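I opened the structure today and kept notes as I went. Here is what I looked up, entry by entry.

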Amino acid sequence: MKYTRLGSTGLKVSRVCLGMMSYGDPAQWAWFQDEEAAEPFVRRAAEAGVTFFDTADMYSRGVSEEITGRLLDKVFPRRDDYVLATKVYFPMGSGPNDGGLSRKHVLSGIDASLRRLGVDHVDLYQIHRWDHETPIEETMEALHDVVRSGKARYIGASSMFAWQFAKAQHVAETHGWTKFVSMQNHYNLAYREEEREMIPLCLDQGVGCVPWSPLARGLLTGSRERGGAQRTIRAGSDQLAGKLYGDADFDVVDAVREVAGERGLPPAQIALAWLLSKPAVSAPIVGATKLKHLDDAIAAVEVSLSEEEIARLEAPYRPHPVLGHS
């Protein structure tokens, strides 16, 4: 495993981040795995040198955080041996203050996450989306207080427009509050709209990118085919995938397959190696429901693509509307 700084911070993270969304309540989605099934993935990741783990309060309504906390405590000798990230924003109940980024919900949200995770702090506390109903000044001050209280070491953000991210950073800087150090954005070979504004902003400001859906929800690995054929359980029940990707994206899939075939490597390794070659990317967040998924992600760290291969992978791209901000 290789390690890098998260953006311009001094925090070192593994080049692969294991996403914990798939480990939760199987009754919610068919591909979710319970704690017993999840343990081999966390152990395999730790043995390979993965130290970065990402979850969120809303994954299985807190069950993912509970599983994540117990397994990391079981697998790692010390709390300081891993980097733990979670997120806040989406509703965790039916009450009017059970979601969003108000001071009330942010402060109650971090306490609830720490209880479920069984730790006294997280390393990275992220806002899961932009809250249009809460002044950003209120949110940034609350997040600053979370850091000052010792409950989080750093803060990060997830999918939003570049102007929103810049506004949040400006508000924090103006008031002397903690600024975001990372951006968890929707970025992969099939969706590259982030290259227009968000990624240049992150590069300029020293913010590390930790992309979600680095394999386009399995599209880039062959889990779906033109015409709607689905090869995996997740592909057959993942409603969001159909909203994010369409038939035009299969030209990119074909390019990935061609390069992978020439290299004698799985398509997943090629798609992840492309992401890892981008200077803004600290660590893609990889989900794994089969150990092969995790092994491919770890192996991708050692794959180096030529400029010609990168050009071939990027050539079929077609612009998309902005997707993934809601």
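This is a predicted model: local features need pLDDT of at least 70, side-chain atom pairs count only at pLDDT 80 or more; totals for chains, interfaces and linings use all residues.

**S182.** I began with S182, which is buried at a relative accessible area of 0%; buried means under 20%, exposed over 50%, and partly exposed in between, with a 1.4 Å probe and protein chains only. S182 sits in strand β8 (residues 180-184). Strands (E, at least two residues) and helices (H or I, at least four) are DSSP runs numbered from the N terminus. I listed what S182 touches, leaving out residues up to four places away in sequence: L6, L124, I155, G156, A157, F165, V207 and G208. A contact here is heavy atoms within 4.5 Å. I also checked V210: it is 28 residues from S182 in sequence, and the two are 7.1 Å apart in space, C-alpha to C-alpha.

**Ground rules.** Residues are numbered from 1 along each chain as its sequence is written, and side-chain values use heavy atoms, with hydrogens and water left out.

**Strand β5.** Is β5 enclosed or open? I found that six of the six residues of β5 (residues 83-88) are buried, so the strand is largely enclosed by the rest of the structure. In a regular strand the side chains alternate between the two faces of the sheet. In β5 both faces are covered: V83, A85 and K87 are buried on one side, and L84, T86 and V88 on the other.

**Partners of β5.** Next I looked at pairing, which needs at least two DSSP bridges between two strands. Strand β4 (residues 52-54) pairs with β5 in the parallel sense over three bridges, and F52 stands opposite V83. β5 and β6 also run parallel, joined by four bridges, with K87 opposite Q126. Strand β6 (residues 122-127) has six of six residues buried, so it too is largely enclosed by the rest of the structure.

**Cores.** A nonpolar core is a set of buried Ala, Val, Leu, Ile, Met, Phe, Trp, Tyr and Cys residues joined through side-chain atoms within 4.5 Å. The largest one here has 92 residues, and those with the most contacts inside it are L18, F53, Y125, M140, F165, F180 and L220. Its largest share, eight residues, comes from helix α10 (residues 267-276). A second, separate core has twelve residues, including C17, V181, V210 and I285. I looked up F53 as well: among the residues it touches are L18, V42, L72, F76 and L84.

**Helix α11.** In α11 (residues 291-300), I noted L294, D296, A297, I298 and A300 as buried. The buried residues of this helix pack against β3 (17-19), α1 (35-47), α10 and β10 (285-286).

Most residues other than glycine have a negative phi, and most peptide bonds are trans. Which way does phi go at Y89, positive or negative? Phi of Y89 is positive, near 160 degrees, and Y89 lies in the loop between β5 and α3 (103-117). A216 has a positive phi too, near 55 degrees. A216 is in the loop between β9 (208-209) and α7 (233-237), and counts as buried at 0% relative accessibility.

**V322.** Last entry: V322 is found in the segment after α12 (307-314). V322 is partly exposed, with a relative accessible area of 45%.
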